[in-house]
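Here is a short briefing on a two-chain complex. Topics follow one by one.

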Amino acid sequence: MKSILKYILLTGIRDRLYAGLFVTLIASFSLSIFLGSTALTEQQQMTSAYIAGSSRAILAIGMILFVCLNINRAFENKEVEFIISKAISRQQFILGYLFGFFIAAFLIFIPLIAAIFFITNANKIGLLVWSGSLLSELMIVISFSLLSSLILKNSFSAIMASFGFYIISRLMGVFVLAINLPQDLTQAKNHFLDTSLKFLSALFPRLDLFGQSSWLTYGINDSSNLKIILLQSIIYIPLMIFMAFHDFKKKQF
Amino acid sequence: MSFRLFYHIYSHKIFFWLFVATFVAQIFFWKQTENIKPSFEIIPPVPSKYLVSTLSLGDNEFLFRILGTRLQNSGDVFAGFVALKNYDYSRLYQWMVMLDGLNPKSNFIPALAAYYYSQTQNKPDTRYIVDYLDQHSSRDIDNKWWWLFQGTYIAKNNLGDINRALEMAEKLSSNNSPSAPFWTKQMPAFLYEEMGDGCMAFVVIEKLIKESESGERKISAQEMNFMRVFINQRLAKLQKQKFDPRKCKKNL
């Protein structure tokens, strides 16, 4: 498992994941500082909101692409067959890949947080909570990307499914807002959209509550969301892992 | 000659003329559509709450900052700047209220309203700015008293509606913020005095002095001096008008 971790981290260098994300984040920081400085007032707050929003999107997109393309290449190059022919269980294989991706994300994450801390003069507790929440969000996205890559095999389908998952999860607040189920559930067939949204909201995580840029400026006023974020991460990451175990266990090579 | 042989001999010419024909069609198409330009509105209609929630992807603060910048730069077209008198202030008001819904704590939108959009050449439009500042500040007068003062100032000087200014000054004077200077309490007195209502100006100042004497409110020496100057400066004027405070029956 240690060698799989090392392999994933090395593929990050080979695929220029760290360099690519680092350059994109620098560009996003520069643009955020420029846009923030054009504001009539609250320039610091403007900059920190832009940095927080854009870096979250960059990290999520970057990790989705990295995970999906990496797993797809592992299947195409028969690396998967090669690794599982060794004395390693399929669960260990998945956990090895997953922790490898988590560590790769964490390696990009540390300089990002340091840069936000020094550039935006953000609220310290807010930054701490925002960082933890963003890390949880990335772990959920990585877990889903790994699962979709294992199930779909085709890299394009896996990438599109992961993007769809991320956007729908981020839109879950709107879905919940739009759900207006009738009191009498026998009339539910007349409310197809509401019922579908209710169904979707039960399956997808509430990523809309994660990583609020306002925490960097105003700190944490309501800690009830933090409990939800923690519980959601504790439930959803293992859910993805167990689904991946189940799917991979049944796979024939 | 069979079709296949014909195609084999002349295909390169056929494709060349097809290329020419489609190129000419593209030129005609361009000629017909060159005057179709996207409609440009300085202040577009406000999006619905569902669209706003969708666009935010759960992060209201990020969307607030993007739309706030958009509102600040509206009218900044490539050909130059549009005069503020050409803006639709009713839409501007709706945008500001909508953005307050995304972040009611920020001072960015009230600053934009008070320092920039209040400068319109069309003075009646400032009513929307006053209404917005009133609505924004009324939720939290202790922290937003500055914007109530700005609203009072704009209502009096830009809009020229002293009654509206007085209405806001009354609200301003009700703040209990320790950071608010004492003149926020005296603001209604200044306006009553300007309206020529010596009685009400007197009542406001008298109330403040009574609060100070009873220990309900601590007034610093500097503030007391200012009140003395206020009273002394106007005393001559009031004496000329034969003003007798004992005849004042109005109460705040």
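Into which domains is chain B divided? Chain B splits into domain 1 (1-36), domain 2 (42-172) and domain 3 (181-252); such bounds come from an automatic or database domain assignment.

This is a predicted model: local features need pLDDT of at least 70, side-chain atom pairs count only at pLDDT 80 or more, and totals for chains, interfaces and linings use all residues. Residues are numbered from 1 along each chain as its sequence is written, while chains are lettered from A and ligands numbered from 1 in the order in which they are written.

**Confidence**

- The predictor assigns the complex an ipTM of 0.85 and a pTM of 0.81.
- Chain A has a mean pLDDT of 89, with 96% of its residues at 70 or more; pLDDT is the predictor's confidence in each residue, from 0 to 100.
- For chain B the mean pLDDT is 86, and 90% of its residues reach 70 or more.
- Among the elements of chain A, helix α7 (residues 155-170) has the highest mean pLDDT, 95. Helix α9 (residues 192-203) of chain A has the lowest, 83.
- Helices (H or I, at least four residues) and strands (E, at least two) are DSSP runs, numbered from the N terminus.

**Interface between the chains**

- On the chain B side, 21 residues are in contact with 25 residues of chain A. Contact means that the C-beta atoms of two residues, placed from the backbone, lie within 7 Å.
- Three elements of chain B give two or more residues to this side: α2 (49-56), α3 (60-72) and α5 (108-116).
- α3(B) gives the most, with six residues.
- By class, the chain B side holds eight nonpolar, nine polar and four charged residues. Ala, Val, Leu, Ile, Met, Phe, Trp, Tyr, Cys and Pro count as nonpolar, Asp, Glu, Lys and Arg as charged, and the others, Gly among them, as polar.

**Domain contact in chain B**

- Nine residues of domain 2 of chain B are in contact with six residues of domain 3 of chain B.
- On the domain 2 side, α7 and α8 of chain B are the elements that give two or more residues.
- α8(B) supplies the largest share of that side, six residues.
- That side of domain 2 divides into seven nonpolar residues, one polar and one charged.

**Helix packing in chain B**

- Helix α7 (residues 141-157) and helix α8 (residues 162-173) of chain B pack at about 165 degrees, with axes 8 Å apart. Axes are lines fitted to C-alpha atoms, for helices over the stretch in contact, and angles run from 0 to 180 degrees between N-to-C directions.
- α7(B) is therefore roughly antiparallel to α8(B). Angles under 35 degrees count as roughly parallel, over 145 as roughly antiparallel, 65 to 115 as roughly perpendicular and the rest as oblique.
- The α7(B) and α8(B) crossing is left-handed. A crossing is left-handed if the near helix is turned anticlockwise from the far one by less than a right angle, and right-handed if clockwise.
- Residues in the contact include B:W145 and B:F149 of α7(B) and B:M168 and B:L172 of α8(B).
- The contact has 10 nonpolar, two polar and three charged residues.

**Helix packing in chain A**

- Helix α2 (residues 17-37) and helix α5 (residues 90-120) of chain A pack at about 20 degrees, their axes 10 Å apart.
- That angle makes α2(A) roughly parallel to α5(A).
- α2(A) passes α5(A) in a right-handed crossing.
- Among the contact residues are A:L21, A:L25 and A:F29 of α2(A), and A:L107, A:I108 and A:L112 of α5(A).
- The contact of α2(A) with α5(A) has 11 nonpolar, no polar and no charged residues.
- Helix α3 (residues 43-76) and helix α6 (residues 124-152) of chain A have axes that come within 9 Å and cross at roughly 25 degrees.
- α3(A) is thus roughly parallel to α6(A), and their crossing is right-handed.
- Their contact includes A:R56 and A:M63 of α3(A) and A:W130 and A:S145 of α6(A).
- By class, the contact of α3(A) with α6(A) has 15 nonpolar, three polar and one charged.
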